[in-house]
Amino acid sequence: METTVALAGNPNSGKTCLFNELTGARQHVGNYPGVTVEKKEGKFTRNGHTIHIVDLPGTYSLTAYSVEEVVARDFLVNDRPGVVIDIVDASNLERNLYLTVQFLEMGFPMVIALNMGDVAKKRGIDIDIEKLSILLGVPVIPTIARTGNGKEDLMDAAIRIAQEEKQRMPLIVSYGDDIDGALIEMEEIINTNVFLTGTYPARWIALKYLEGDEQIMSKGQKRNPGVSKQLENITGRVSDHLQKTLNIYPEAIIADHRFGYINALARQGVITLRDSHDRLYTSDKIDKVVTNRFLGPIIMIGVLMGLYHFTFTYSEVPVGWLESFFGWLGNAVSTHMPDGLLRSLVISGIIDGVGGVLGFVPLIMFMFFGIALLEDSGYLARVAFMLDRVFRVFGLHGSSVMAYIVSGGIAGGCAVPGVMATRTLKSPRERLATLLTAPFMNCGAKLPVFALLIAAFFEKHEAMMMLVITLISWMGALLIAKLLRSTIIKGEAMPFVMELPPYRLPTFRGLAIHTWERTWQYIKKAGTIILAISVILWAMMTFPGLPDSQRQEFDKERTAVMAAVNTDTVHELEAAGDNVELSLGAVELRGHLAAIDSREADAGLRNSLAGRTGIALESVSKWAGFDWRTNIALIGGFAAKEVVVSTLGTAYSLGDVDPEESGSLSEMLSKTPGWSPLAALSLIIFTIFYAPCFVTVVMIVRESGSWKWGLFSMAFNTLVAFLSAVAVFQIGSVIGMGI
Amino acid sequence: MTILNMREMKENQSGKITAVNVRGELGRRIRDMGLVPGTEVKVLGRAPLFDPVALRVMGFTLTLRNNEADYIDVEVE
C-alpha cells in the first residue's frame, strides 16, 4: 500500500529534523508550482508499506497572508494526503496547538507528533499525552526528532489512520454567540448552494469569510458571485455589530476563542507547570550576553567575520584543486588538439565554462554549511534581532546582513553564494531588495581590477582607497535598496514579529543534508545555463575573427622576423622546452614573435562582436572617461569581473595578463595618455556598480523565480554605474582633478 | 493596575494583554503568536539599538518592533 503523509508544524518545532530522520538521504527537493517555496519529498518504508512523505513549509497559522501558508493549505486540500502529521513542540505546546486546531477545523485525518518532550520536562512542563489525545480525538505519539526516537510508532499510527478513515468530522470550536450565530446562517447558505464544499468544510469556508481571507473570498466570487455576496453581507453585518458593541474585529474574536479553546484544554490537566513560564532558561542566560547592548554587537562582528573566514579561506584549498585540474585539462587539450576554432571553443568556452560552474561549488558548500550552522543553532535570529533597526531604515530586514557579508561586504566575498544566502529571509519584498543589491558588494573578482587601478594611480593611498571602495559599495547598496523599496518593490515592511528560538546544538546530519541539497541544486539547475552563457560569451569575444587578409599580414610579419635571423636560432627556439637557457638571439626572436601574437590578438578582439560593441559605445562611454579598450574589458567582465584585467591586457597588446600579477599592465596604464587618476576612479566606481557577472545573474533569476529580475539587474545596475561614473568624471574634470 | 502601551513597558516588567488594536496582516501575525487579550507577557530586553523588543510569551521568546508593539495594550501591576 502506498500512502502520502504530509509533515506540518510550526517553524523550529523539529519538523525538518524529523523529516531528515525519516527519509535520510532519500530526499527530493523541488519547488511548489509558481512560487519559490521549497517542496521537499522523500520515502519511508515500514513493514512493506511505502510512505511518501512531503515536508510542508513551517507555519504558525493557515491564513492567506504568506506564500508558505497558502502553499501548505493548498497542498492539503488539493493533494489530499492520507494523513497529516502535525509536529508539535511540547516545550511550547499552547502556541503550537493553535495550528493544530486549524488543521482539525479543516477535518484532515491527523496524527500529532509531540516532539521534544525531554526539553519540556527539563523546563518543568508535564504533558498528559493520553488526555490530549482523547480531548482532540487524534493519536498523539511522543517523538524526539533529533535522535529519531518514536519515528516507528509515529509511522505505524499514520498508516493505521490512513487505512481507517478518509475524512473525519471537522472540529467545532465555539466562537461566542455573535460569530456562532453567523456561522450557522452562513453554513446553511453554503450547504444549500454546494458552494466550494467539494474542497472545504462548510463551517471553515464561513470562518474564512469572517476572517476576511482573500484567497477563499476570490475563489468564492469566481464560483458563485451571488452566494459570495450573501456571505460578504453577513460578514459585514456581524463585523459592524461587533465593532459597535465590543470595538473588536471578527478576526480578533476568532483568534481569541481558538486560544481560549487551547487554554481550556490545558486547564483540563493536559499541561501541568512545575515552574512559572517566567523563569530564565539556559537560552535566556546565553542571550543576556549574546544580545547584550555592548557585547552583542562585538560578538556578532566576530561571528560574521568567522563565517566569512570559514567560507572563503577554507574553501580555497578545494577551489585550488579544481582550478589546477581544469588548468591541467586545458593544457592537455591544447597539446593534443590542433590549433583552431574547435580548440578555442573546447578550452575557452567549454572547459573554462565547466570550470567556472564547478569553481563555485566549494564556496557554496562552505557558505551553506556555515549559514546552516548559524540558522540551526538559533543565532541567525539574534542577528536579525540586533540589526533590524539599522536595516529597516533602508527597507531591508536584519537578516539581509548575511547576504551582504557573503557577497563581499567584507571585501573579497562572492555574490553567487551571497544571492543564495537570501534564502534565510522570509519576507518577499525585503528578500528581493537584498538579492538585487548584494551584487554591489566587492566580491573577490572585482579586487584584481581595483588592485590594478590602485597600483597604477593611487599607489601611495592603497589602504585608504580600499576602505573608501568598501564604504562606497555599502552606502550604494543600502541607498539603492531604499530606492528600490520606495519605487518598484514598494510596499509596507513585512511584520517583524519573530520567534527567537532557544539555542540548540545542530545535528551534523541535518547540516550535511542541508548543505548537499543546496549545492546539488546549484550544480543541476544553474550549471547548464551557466555553461551555455559561457559559450555564448566566448563566441562574442571570438567571432567574426580576423579577415584572412589581415591574418596573412601577421603571418608575413612572422616570416619576416624569422628570416631576419639565422636558421639555427629559429631551430633553437622551436626545439626549446620550458626551462631551457636560450641564446640572446633566440630570446630576442621570441620577444618579437610574442609581440606579433599580442598585436594579432588585439586586432582579433577589436574585430570581434564584443570589440565592435566596445568601439561603437565609445561615443557614449567617453562621458565617463572610458575608451573602447576599457569598454571591451568591461564587456568581458560580464563573464567574471577579473576578466576585465586580462581583457585590458589583450586590448593593450600585452598578451595574456594574469589578473594576480598585473604589474606590467598598471605601468602601461599609468603612462598611457587619456588615463588619469580621475578616469581610474570613474572606472572603479563603474566596476563596483555595473551588471553582475552572468553567474550571479543566473542565480538572481533562480532565487527571484523570474528572468525579469535577472535582466533588470543587468540593465539597472549598468545604468546606476554609468550615471555615477559620469558624475564622478565630469565633476572631477570641472574641478580640475583630471590633469 | 494601569493600562500601558507595550512600548512603554520596562525591562523585566510583566503584564497581561488587554487589547490588540490592529487588523490585517500585522494583526494576524501578532495573534498567531499568541498575543491575544488575557495572555501574560514579560519584557526580556531590547536590542542594542532599543528596538525591537524581546518578550516572553507562553514560555517562548518573541520579538516585535516598537511600532508593532504600539498596537498592543497591556495591564500592569
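Modeller: Two strands count as paired if DSSP finds at least two bridges between them. The model discussed here is predicted.

Colleague: Which residue stands opposite B:L62 in β5(B)?

Modeller: Strand β10 of chain A covers residues 498-500. It runs antiparallel to β5(B), joined by 3 bridges. A pair needs at least two bridges, so β10(A) and β5(B) pair. Opposite B:L62 stands A:E499.

Colleague: Which element gives the most to the side of chain B that touches chain A?

Modeller: In the contact, 33 residues of chain B meet 33 residues of chain A. On the chain B side, α1 (24-32), β3 (40-46), β4 (53-57) and β5 (60-64) each supply at least two residues. With 8 residues, the top contributor is α1(B).

Colleague: How many residues of that chain B side are charged?

Modeller: The side of chain B that touches chain A includes 16 nonpolar residues. Another 6 are polar. The charged residues number 11.

Colleague: Which strands are the edges of the open sheet in chain A?

Modeller: The sheet has 7 strands with mixed pairing, in the order β2-β3-β4-β1-β5-β6-β8. Neighbouring strands are turned by 25° against each other on average, direction ignored. An edge strand pairs on one side only, and the edges are β2 (27-31) and β8 (140-143).

Colleague: Inside that sheet, what is the bridge partner of A:L7 in β4(A)?

Modeller: Strand β1 (residues 2-9) and strand β4 (residues 49-55) of chain A pair in the parallel sense. Their pairing runs over 6 bridges. In β4(A), A:L7 has as its partner A:D55.

Colleague: At about what angle does helix α1 of chain A run to β3(A)?

Modeller: Helix α1 spans residues 15-23 of chain A. It lies across β1, β2, β3, β4, β5, β6 and β8 of that chain. Its angle to β3(A) is about 45°.

Colleague: Is α9(A) oblique or roughly antiparallel to α10(A)?

Modeller: Helix α9 (residues 214-223) and helix α10 (residues 225-246) of chain A pack with axes 6 Å apart, at an angle of about 135°. Roughly antiparallel requires over 145 degrees. At this angle, therefore, α9(A) is to α10(A) oblique.

Colleague: How many charged residues are in the contact of α24(A) with α26(A)?

Modeller: The axes of α24 (residues 548-564) and α26 (residues 584-607) come within 10 Å and cross at roughly 175°, which makes the helices roughly antiparallel. A:E557 and A:R558 of α24(A) are among the contact residues, as is A:E600 of α26(A). The contact divides into 6 nonpolar, 2 polar and, for charged, 3.

Note on methods: Residues are numbered from 1 along each chain as its sequence is written. Chains are lettered from A and ligands numbered from 1 in the order in which they are written. This is a predicted model: local features need pLDDT of at least 70, side-chain atom pairs count only at pLDDT 80 or more; totals for chains, interfaces and linings use all residues. Helices (H or I, at least four residues) and strands (E, at least two) are DSSP runs, numbered from the N terminus. Axes are lines fitted to C-alpha atoms, for helices over the stretch in contact, and angles run from 0 to 180 degrees between N-to-C directions. Two residues are in contact if their C-beta atoms, placed from the backbone, lie within 7 Å. Angles under 35 degrees count as roughly parallel, over 145 as roughly antiparallel, 65 to 115 as roughly perpendicular and the rest as oblique. Ala, Val, Leu, Ile, Met, Phe, Trp, Tyr, Cys and Pro count as nonpolar, Asp, Glu, Lys and Arg as charged, and the others, Gly among them, as polar.
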